[in-house]
Amino acid sequence: MDIGFIYSRKDPRQAKARDFLKKYLKERGVLARVIETEREVTSPTIIINGHTLKDLRQKPREDSPAMFPSIDDIVHMVERQVWCL
């Protein structure tokens, strides 16, 4: 499995998502090549086997100002790709 992760290290929420992804893969024994790219971005982008997960909203949700994929979104995409292998 190939995973690309574009994120901003300056944003603690994005760094937390990156750390979660690496820990999740390790704990579950998922063999993946993770390619990290650090950029000044407002929303991280995750690309798994050519499938992109990125928040495309123009305005934040009223109850959650975060403008990027949640941890649950990341988990669902990884699991979906694992089952497709």
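**Rings, core and charges**

Helices here are DSSP runs of H or I with at least four residues, strands are runs of E with at least two, and both are numbered from the N terminus. Before going on, note that this is a predicted model, in which local features need pLDDT of at least 70 and side-chain atom pairs count only at pLDDT 80 or more, while totals for chains, interfaces and linings use all residues. Residues are numbered from 1 along each chain as its sequence is written, and side-chain values use heavy atoms, with hydrogens and water left out.

The protein has 2 helices and 4 strands, in the order β-α-β-β-β-α from the N terminus. Of its 85 residues, 35% are buried. Buried means under 20% relative accessible area, exposed means over 50%, and partly exposed is in between, with a 1.4 Å probe and protein chains only. For contacts with a separation of 6 or more, 68% are between residues 24 or more positions apart; a contact is heavy atoms within 4.5 Å.

Next, the core. Which residues have the most contacts inside the largest nonpolar core? They are I3, F5, L21, I46, I48, I74 and V78, in a core of 15 residues. At least two residues of this core come from each of β1 (2-7), α1 (12-28), β3 (45-48) and α2 (71-84). A nonpolar core is a set of buried Ala, Val, Leu, Ile, Met, Phe, Trp, Tyr and Cys residues joined through side-chain atoms within 4.5 Å. Setting aside residues up to four places away in sequence, I3 touches several residues, including L21, L25, I46 and I48.

Back to the rings. There are 2 aromatic pairs, where rings of Phe, Tyr and Trp (its six-membered ring) pair if their centres lie within 6.5 Å, with planes under 30 degrees apart called stacked, over 60 edge-to-face and the rest tilted. F5 and Y7 have ring centres 5.4 Å apart and planes at 45°, so this pair is tilted. F5 is buried at 1% relative accessible area, and Y7 is buried at 2%. The pair of F20 and Y24 is tilted too, at 5.6 Å centre to centre and 35° between the planes. Is F20 buried or partly exposed? F20 is partly exposed at 26%, whereas Y24 is buried at 6%.

Y7 also has a polar partner. The side chains of R18 and Y7 make a polar contact of 3.4 Å, meaning N or O atoms within 3.5 Å, one able to donate a hydrogen and the other to accept it within protein, with residues adjacent in sequence counted only if both atoms are side-chain atoms. R18 lies in helix α1.

Last, the charges. There are 9 salt bridges, each a side-chain nitrogen of Lys or Arg within 4 Å of a carboxyl oxygen of Asp or Glu. One of them joins D2 and R33, with the closest N and O atoms 3.0 Å apart. D2 sits in strand β1 and R33 in strand β2 (residues 33-38), 31 residues apart. D2 is partly exposed at 34%, and R33 is exposed at 51%. Another salt bridge, 3.1 Å from N to O, joins E36 and K22. E36 is in strand β2 and K22 in helix α1, so this bridge ties together parts 14 residues apart in sequence. E36 is partly exposed at 29%, as is K22 at 38%. E27 and R28 form a salt bridge with 3.5 Å between the closest N and O atoms. Through shared partners, salt bridges join R18, D19, K22 and E36 into one network.
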